[in-house]
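Reader: I should like to learn how to read local features in a model of this kind. Please take me through some examples.

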Amino acid sequence: MDQSADQTIYVANNDGLLEYNGNTWSLYQMPYGTPVKSVMAFNKKVYTGSYMEFGYWVRNEYGVLTYTSISDQLTVPLVEDEDFWNIAQFKDWVLFQSLDRIYIYNIHTSSFQILEVKSNNPKIFEIDGKLYFQSIGKGFFTLENGEPVMVSDAAIFKELNIVGAFGVNNKVLVITEKGSFFYEENKGLTEWNITAENDLSLTKIYSALELHDGSFVLGTISNGIYHLNANGELLKHINQEKGLNNNTILSLFQDRDDNLWLGLDNGVSVINLNSPFKEYIDYAGTIGVVYTAKKIVEILYLGTNQGLFYRNINKEDEFKLIDGTEGQVWALKEIGGTLFCGHHTGTYVVSNGIVNKISNVPGTWDIQSISGKSNLLIQGNYKGLSILEKIDGNWKYRNNIAGFDSSTRFFELVNDYHILVNHDYKGVYDLKLNTDFTKVEKIIRKESKGIGSSLFRYNNEICYSTINGVFKYNRNKEEFLIDSVLTNSFFDDNEHIIGIIRSTNDYERLWGFTKSNIVTVSKGHLSKDPQKIKIPIPTSFRRSMGVLGFESVVHLENELYLIGISNGYINLDLKQFKKRDYQINISSVVKKTLNNLEPRLLLHDNPDIIYEENNVRFNFNVTEYDKYTEVYYQYLLEGLDEEWSSWELTSNVSFDKLPYGSYEFKVRAKVGNDISKNTAIYDFTILRPWYASYWAILFYIIIAILTSLLIHKIYKNYYKKQQRQLIKANNKRLKRKKLKNQKKIVQIKNQQLQELVDSKNRELAISTMSIIKKNEFLSSIKDKLKESADNPQVKSVIKVIDRNINNEDDWKFFESAFNNADKDFLKKVKGKHPELSANDLRLCAYLRLNLSSKEIAPLLNISVRSVEVKRYRLRKKMGLSRESGLSDYILGL
C-alpha cells in the first residue's frame, strides 16, 4: 500500500492494482491476470511486484495507468515461482524483494544488481540514510557500496522474523514477530522492556510502522493493531470487535494527512489518527443512547437510556453499569464536589461507582444551585420543581414547589425567587416563588416563539432559542428580545439549526447542529463579536444523534468535548480541528458509444468528439480520506445549461445525446458549507454530424439555389399560363358584361313598356272616368228635361242625349284603351265563356276595372238596379256558385 504525489492511494490486491481517489476504486489488472503482491509509488510511477513479474505503471494522457515490465530487462532468469512481496525506494534505486532475492534497479541507467537474500517476511528498512534487511539463518544486514554488510548475527535475528526496524535516539530499534523490542548498537543488543509487552506476547506481530509523531503501530495476525506511544505504553488496541474488517493486518501505511491505512487479509481499513473526532461505538448495544456524560479525574461517567455507566479512561476496560441505575439518565451535574445523577426514577448522588438515591420524585431533568443558598439545590422533574437540601453534609429531598406541575426540562434562575421554565409548545413560564421555596406565588405564560425550543444560559445571560432564532431575556422589560448576533451565528441563508442549542464551559460556549455542520460559538478574544467555528460533518452524523431535542454535548477537559450518539459517543477535540482548503480534480472523461465501449478522452486538451459519440461522462473527486468529511459536488455544462446543478454526493455525471457545439464543463465541491478553492474545468467540442457539416451546408445552399431557379422557372411558366387564363377570363367577363348590359337595356325597354302600359292604364282610367262623368252629366240633364217632355224640342234634345250616352264611339275608345292595358282578358273570358254577349263582355270589362254598380250604371245608361240584374245574369251564364264573388272571379282571371 502506498500514496502517490496527488494523494491517490494504491493497494496491492489479489485481483490486481487498486487505485482509490477518495470517492471511487479503480482496478488495473496485471498481464495474465496475476495478483499484485506489493506496490510503491515514486516519481509519478507506481511500481508493483507480482508472481514472476515486476514493473511500473504510468498514467497516460487519458488518465489511465499503463503497465511496463522491468523484469523483462533482466539478463538473469527469475527464480522459479518467485513472488515479489516488497518494494522499497532509496535515492536513485528501486528495490524489488522476493523470498529469495533482492533486485536493485537503477531508474536512470536501467541497470540491475541482484542479491541472494533468503527471508520469510521480506522487508527492507531505511534508517538514517542506510538500508537494512534480514537474511534468515544469517542475521541482520545493511548495504554499503551495494554490498551486504553484517550488522548483527544474534541468534534472535537468525530465528525470528524482524517486522520493523526504526531509528530511535540515534539507535536502531528492532521489533520481532514476538513483540520483543531490541536496541542494536555497536553490534550489541539491548532489550527494551515496555509496559505493553504482556499484551503483545499473546499474539504474533506481522507488520510494524513508526508514525509521524514517533509512536508505533503493530499489526498482528489475529488480533488487530496495537498503538504504542514513544515510551512503549499502550495507547489503544483496535480489532474487529472495535470496528476493523478483520483481525489480520498484513501491511501498514500512514498517508500525508496522518491517516493510518491497514492492509487486511480481506479488505482495507483506514483510521483517521489526527481527526478531531474520536469514536466510541457500542457494537454490542450495552450502553445504548448517550444523553449526558461527566469526567471526574480519570473516571468517565455516561448517562444513557440504559443507565449510568463508568470506566477509567486510561485503561482499555469496558464500561460498567452502576447497580441500581437501570433506566434513563437525563443529567449528570457536579455541584460543590458532589456528582448528581438525574434519573427517570429520581435523583442520585454518585461516588466511586456507587449511587445513593436522595429523591424519589420521578424524572429529574436538571439540577441547579441557588445563589446565596449553598445548602439548597433546585431541580426540574416530570411534575415541576423541587428542592434538595444539605443536612449534616448529606443531600436530601426537602419539598416540591407547589403551584406548578408542568414538566420542567429547561429552566433558569433570573434570581433566587424568579425562575423561567421552557415548554416546547406553550412558551415560557415566568414563575415568582415565595422566600422559602415552597410554592409559586405568580405565574405568567409568555407566548411561544416557535417549536424546537430550549432555554439556556450564555455569558450570564438567559437565552431562549426556537427554529425562528435566538432570543435574550431583558431583565428590565421581563421579555425575550431577538439577539441578532447569536441568531446570525446559528441561522443563516445556507442552513439553520436542527434541534436545540446547548451550552458548555460554564455557559461560555454554545453548540448547535445543522444538517452538515457542527456550529459552536464562544466569546471573541479580540472583539465583542462571538467566535464562530463550523465543523463539517456527514448527514449520517446528525441522524446518529437520535431524537431531535435531545442533543448532548459535554465539556470534558481543555478543548475536548463529548457528543452523545445513539450507539456510543464521539469525542471532539477543537485543538485538532483545522479549516482546510479542498481541491477538486476531474479524474477522467469518458465518451460512451452505442456498443458500450468507453474510450477515454485526453484530460489536458480540448478534444473534438464526433457526433455519433455525443454521450459523455465525467468522473471527478476530492482526494480526502477523513470519515467525517462528506463531499458534495455541483456542476455546470456551459453551452447546454444556464444554472449550476443542485449539490449531490455523486462524483460523476453523464450527458447523453449532446447537440453539436462547443462546451465547457465546470465542477466544484463543497464540504460542510465551504466551497472548494478551485473549480475544475474541461473544454470539449461535439463535431457537427455529416448532414450539418460545412460541406453539407454548401451542398444544401447549391441545391437550394438550383431549386430556387427551377421553382422560379416553374412559377414563371405558371404565371404566364395564369396571365393567359386571366386574359381569357377577362374576355369572358367582358362578354358577360356586354350580355348583362344588353339584358339591362331589355330591362329598361321592358320598364319603358311597363311605363307605357301604366300610361295606357292611366289613359283607360281617365277615359273611363271621363265617359262616366259625361254620361252622368248627360243623364242629369236628361232627367231635368224629362220634366218638360211634352215639348217636342225637349224630346229632340233627349234623343240627342240618349245617342251620346249610348255612343258606340265611346265604347270603341274604351275597348281600345282596355285592350292596350289588358289585351288578353277579353280573349280569356271569351275562351272560357263563349256564350257571353257583347254587353256581357262590356260588363266584365267594367268589373275588371273594379268599378262599382253605381259607376257602371252611367256607362251602360241603365239604372243601378238594372246593373245588379245584369250582374246576376252574368253569374248565371258563368256558372258561379253562390259563395263565389263575381268581381273576385273576374279579377282573378
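Reader: Leaving aside its neighbours within four places in sequence, with which residues is Q97 in contact?

Author: First, a word on the source: this is a predicted model, in which local features need pLDDT of at least 70 and side-chain atom pairs count only at pLDDT 80 or more, while totals for chains, interfaces and linings use all residues. Residues are numbered from 1 along each chain as its sequence is written, and side-chain values use heavy atoms, with hydrogens and water left out. Contact means heavy atoms within 4.5 Å. Beyond the neighbours within four places in sequence, Q97 is in contact with D83, F84, W85, N86, I102, S119, P122, K123 and I124.

Reader: Where does Q97 lie, and is Q97 buried or exposed?

Author: Q97 belongs to strand β10 (residues 93–98). Helices (H or I, at least four residues) and strands (E, at least two) are DSSP runs, numbered from the N terminus. Buried means under 20% relative accessible area, exposed over 50%, and partly exposed in between (1.4 Å probe, protein chains only). Q97 counts as buried because its relative accessibility is 0%.

Reader: What span should helix α11 have, and what is the distance between its end C-alpha atoms?

Author: The expected span of a helix is 1.5 Å times one less than its number of residues. The 15 residues of helix α11 (residues 864–878) should therefore span 21 Å, and the end C-alpha atoms are 21 Å apart, which agrees.

Reader: At what angle do the axes of α10 and α11 cross?

Author: Two packed helices are described by the angle between their axes and the distance between the axes. Here axes are lines fitted to C-alpha atoms, for helices over the stretch in contact, and angles run from 0 to 180 degrees between N-to-C directions. The axes of α10 and α11 cross at roughly 100° and come within 8 Å. The two helices, α10 and α11, are therefore roughly perpendicular to each other, a class that covers 65 to 115 degrees, with angles under 35 counted as roughly parallel, over 145 as roughly antiparallel and the rest as oblique. The contact is made by S853, K854, I856, A857 and L860 of α10 and V864, V867, E868, K870 and R871 of α11.

Reader: Which residue has a positive phi although it is not a glycine?

Author: Most residues other than glycine have a negative phi, and most peptide bonds are trans. N170 is one that has a positive phi, of about 60°. N170 sits in the loop between β17 (162–168) and β18 (171–176) and counts as exposed, at 78% relative accessibility. E478 also has a positive phi, of about 55°; E478 lies in the loop between β47 (469–474) and β48 (479–482) and is partly exposed, with a relative accessible area of 28%.
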